[in-house]
Amino acid sequence: MGLLDRVVKLLSALGFETGEDDAVLLEFSVLESEMRVKNYCNVDELSDELIFIAVKYAAGYFLSVAKRPQAPLSGSTIKSISEGDTSITYVDGLTDEERLGCLIEKLTDLGEADRYRRIEW
């Protein structure tokens, strides 16, 4: 399964349906994410772990450009998590646009790729 198919599948799982008019933007999002992850990690090929990160980034990039809060972003967004005696705080009162912004921020975070970075000489 290619990156594009995985991105469409992830978007669908998140509740965002794509159509034929999204094809160009989706393809660009995949190319952008692949280039961004490769440049960030200074690699020529994406490993399995980096493919996962590239798919998330492409989905987030697509949503940020398309900026369509068409899916019901139900449920609460987590504000903070404490581990000792387990405490989870949820953010209440966010609009769909704010929730979409939080989702995009989480999807486009390249922090997971830090461990795969290589020094460029």
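Reader: What relative accessible area does L10 have?

Author: The relative accessible area of L10 is 24%, and L10 is therefore partly exposed (under 20% is buried, over 50% exposed, partly exposed in between, with a 1.4 Å probe and protein chains only). Bear in mind that this is a predicted model, in which local features need pLDDT of at least 70 and side-chain atom pairs count only at pLDDT 80 or more, whereas totals for chains, interfaces and linings use all residues. Residues are numbered from 1 along each chain as its sequence is written, and side-chain values use heavy atoms, with hydrogens and water left out.

Reader: Okay, and where does L10 sit, in which helix?

Author: L10 belongs to helix α1 (helices are DSSP runs of H or I with at least four residues, strands runs of E with at least two, numbered from the N terminus).

Reader: Which residues is L10 in contact with, leaving aside its neighbours within four places in sequence?

Author: With those neighbours set aside, L10 is in contact with V55, K56 and A59, where contact means heavy atoms within 4.5 Å. For A59, the C-alpha to C-alpha distance from L10 is 7.2 Å, although the two residues are 49 residues apart in sequence.

Reader: At what angle do α1 and α3 pack?

Author: The angle is about 60°, and the axes are 9 Å apart (axes are lines fitted to C-alpha atoms, for helices over the stretch in contact, with angles from 0 to 180 degrees between N-to-C directions). That makes α1 oblique to α3 (under 35 degrees is roughly parallel, over 145 roughly antiparallel, 65 to 115 roughly perpendicular, the rest oblique). From α1, L3, R6, V7, L10 and L11 take part, and they meet α3 residues including I51, A54, V55, K56 and L63.

Reader: What about the angle of α1 and α2?

Author: Those two helices pack at about 110°, with a separation of 10 Å between their axes. That makes α1 roughly perpendicular to α2. In this pairing L3, L4, V7, V8 and L11 of α1 meet L26, E27, V30 and E34 of α2.

Reader: How do the axes of α2 and α3 cross?

Author: They cross at roughly 130° and come within 8 Å. That makes α2 oblique to α3. The contact includes L25, L26, V37 and C41 among the α2 residues, and L50, I53, A54 and A66 among those of α3.

Reader: Switching topic: where does N42 lie, and what is near 55° there?

Author: N42 lies in the loop between α2 and α3, and its phi is near 55°, a positive value in a residue other than glycine. The relative accessibility of N42 is 31%, so N42 counts as partly exposed.

Reader: Now the largest nonpolar core: how many residues are in it, and which touch the most other members?

Author: The largest nonpolar core has 27 residues, of which L3, V7, L11, V37, L46, L50 and L63 touch the most other members (a nonpolar core is a set of buried Ala, Val, Leu, Ile, Met, Phe, Trp, Tyr and Cys residues joined through side-chain atoms within 4.5 Å). Helices α1 (3-13), α2 (23-41), α3 (48-66) and α4 (96-107) each supply at least two residues of this core, and α3 gives the most, with 11 residues. Residues up to four places away in sequence not counted, L50 touches V37, C41, V43, A113 and Y116.

Reader: Last one, how many helices and strands in the protein, and how do the elements run?

Author: There are four helices and two strands, running α-α-α-β-β-α from the N terminus on. Of the 121 residues, 31% are buried, and among contacts between residues at least 6 apart in sequence, 68% join residues at least 24 apart.
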